[in-house]
Amino acid sequence: MSINWFKYSSPQAFYPLAGKMIPWFALLATIFAIAGLYISFAVAPTDFQQGEAYRIIFVHVPAAWMSMVIYIVMAGWAALGLALNARLSAMMAQALAPTGAIFTLLALVTGSLWGKPMWGAWWVWDARLTSELILLFLYLGFIALQASIDDPRRADRAGALLALVGVVNVPIIYFSVKWWNTLHQGSSINMGAAPKMAATMLMGMLLMALAFWMYTVVVALMRVRCIMLERERASDWVKALSVSAGEKS
Amino acid sequence: MNGAWMTVLRRDLLLAFRRRSDVATTLFFFLIVSSLFPLGIGPEPAVLSSIAPGVLWVAALLAGMLSLTRLFAADFADGSLEQMLLAPQPLTLLVTAKVLAHWLVCGLPVVLLAPLIGLQYALPNDALFVLIISLLLGTPALSLIGAIGAALTLGVRGSGLLVALLVLPLYIPVLIFGAGAVAASQHGMSAQAHLSLLAACSLLSLVLAPLATAAALRISVE
């Protein structure tokens with residue numbers, strides 16, 4: 001039996017499917033978030049060195065993970081869009097970028113909120129902080145490039161190429177920043193040498209990461225539905241959609 | 001194939017020579033930016049020589065970036081870029097010729113001027129030597145990576161600022177290794193590791209960047 005992999009690659013077929021998927025992923029996101037927040041605030045023990053302030057890592061670490069995962073997923077969609085010349089893949093890449101940028105910003109802000117009581121500074125030029133900041137620049141460059149090109153097909157392909165160039169560069173940037181950091185300042189702050197985490201803390205972080213992941217799916221699908229309607233506004237299926245919506249109301 | 005490559009190189013160099021003021025602008029920008037720092041920070045030789053590697057490298061990076069928008073813009077406007085896309089020779093090859101011309105016109109003069117400014121920053125002789133070597137090894141990577149940004153933003157409104165946003169994050173490794181090489185030699189350490197990494201950056205971008213630039217040009221022009 002052959003599976004038709006491309007059945008949902010047309011916006012017309014994907015639009016209703018995305019609409020059906022959104023509530024389910026939203027439900028999953030809510031469940032994971034409630035469970036994760038319960039574990040992180042009620043179950044996880046207080047850290048004997050850091051006190052209660054450490055609990056911000058339950059937001060910070062999953063946000064940092066997601067910021068990186070989303071960039072890779074975005075580049076994957078972009079590559080698929082370039083290789084197969086598929087409209088929907090490029091739209092998915094475009095829909096993921098703002099969420100990725102927001103998670104990067106969230107990781108930076110929560111990191112500095114954690115850094116002030118722990119390190120006594122809002123910002124240190126730590127390798128991870130610096131590469132997270134550069135990741136934010138990469139996201140902003142992608143969004144700015146897509147926003148400033150009027151022709152959507154050209155914007156898609158130019159953005160896709162930029163995302164691919166970025167994904168090749170991310171490891172190079174990461175290691176260069178890491179070496180720069182070790183050369184310039186001694187390892188006064190070392191996040192890698194933190195004592196081993198309790199299992200409940202890890203559980204809380206994983207649940208929060210899953211919640212963020214599901215949330216990303218929900219907002220990306222919502223955004224891609226908007227992008228589809230906007231781009232395909234001249235097509236028959238969007239017109240039929242607006243007519244049937246008008247009849248209902 | 002060689003003939004087309006040489007023709008593009010010679011043509012771009014000739015065009016640059018006919019518009020010498022463009023070259024002068026890049027150099028003048030490099031000169032003025034690096035002269036502003038002592039005015040803002042103060043004339044202490046110890047302070048100046050400690051910030052010199054970073055300041056000179058950032059100034060070189062910005063000067064190279066400013067001239068990027070000119071790399072394809074004129075050819076795009078008069079239609080010769082389309083001829084290059086249609087030419088039987090591979091576009092990747094023609095792109096390397098254009099990038100080499102850009103480096104010879106905008107990169108090399110900065111490399112040659114840098115030791116003069118390094119003297120103003122009270123850099124010792126061996127650090128000056130490392131500065132020249134590091135710029136010589138690193139600036140080709142800047143031109144090559146910058147060409148991708150220039151090709152992507154071809155004919156886009158506000159392309160000058162957009163190029164900065166796209167290209168500067170990708171320049172960071174070159175900046176780190178370049179300024180690191182000079183700083184290492186200032187501290188009496190060997191700069192060899194930094195210089196090797198810098199050469200690696202340039203070689204890697206020589207292999208990959210022309211391919212990406214050619215793809216970007218096809219996206220922008222079609």
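Trainee: What makes the crossing of H3(B) and H7(B) right-handed or left-handed in this predicted model?

Mentor: The crossing is right-handed, because the near helix is turned clockwise from the far one by less than a right angle. The angle between H3(B), residues 45-66, and H7(B) is about 35 degrees, and their axes are 10 Å apart.

Trainee: How do you know which residues of H3(B) meet H7(B)?

Mentor: Residues count as in contact if their C-beta atoms, placed from the backbone, lie within 7 Å. On the H3(B) side these include B:Leu56, B:Ala60 and B:Gly64, and on the H7(B) side B:Leu135, B:Leu142 and B:Gly146 are among them.

Trainee: How do the residues of that contact divide by class?

Mentor: Seven are nonpolar, four are polar and none is charged.

Trainee: What makes up the side of chain B that touches chain A?

Mentor: The contact takes 23 residues from chain A and 21 from chain B. In chain B, H7 (125-152), H8 (159-186) and H9 (192-221) each supply at least two residues. H8(B) gives the largest share, 10 residues. By class, this side of chain B has 17 nonpolar, three polar and one charged residues.

Trainee: Where does H3(A) bend, and what follows the helix?

Mentor: The bend is about 25 degrees at A:Ala97, and A:Pro98 follows within four residues. After the helix comes A:Gly120, with a positive phi near 80 degrees.

Trainee: Which part of chain A has pLDDT under 50?

Mentor: That is residues 186-190, for which the model has three contacts beyond four places in sequence. Where pLDDT is low, the predicted coordinates should not be read in detail. Chain A as a whole averages 84, with 90% of the residues scoring at least 70.

Trainee: And in chain B, where is confidence lowest and where highest?

Mentor: Helix H4(B), residues 70-78, is lowest at a mean of 88, and H7(B) is highest at 93. Chain B averages 90, and 100% of its residues score at least 70. The model scores ipTM 0.86 and pTM 0.87.

Definitions and conventions. Residues are numbered from 1 along each chain as its sequence is written. Chains are lettered from A and ligands numbered from 1 in the order in which they are written. This is a predicted model: local features need pLDDT of at least 70, side-chain atom pairs count only at pLDDT 80 or more; totals for chains, interfaces and linings use all residues. The bend at a residue is the angle between axes fitted to the seven residues ending there and the seven starting there. pLDDT is the predictor's confidence in each residue, from 0 to 100. Two residues are in contact if their C-beta atoms, placed from the backbone, lie within 7 Å. Ala, Val, Leu, Ile, Met, Phe, Trp, Tyr, Cys and Pro count as nonpolar, Asp, Glu, Lys and Arg as charged, and the others, Gly among them, as polar. Axes are lines fitted to C-alpha atoms, for helices over the stretch in contact, and angles run from 0 to 180 degrees between N-to-C directions.
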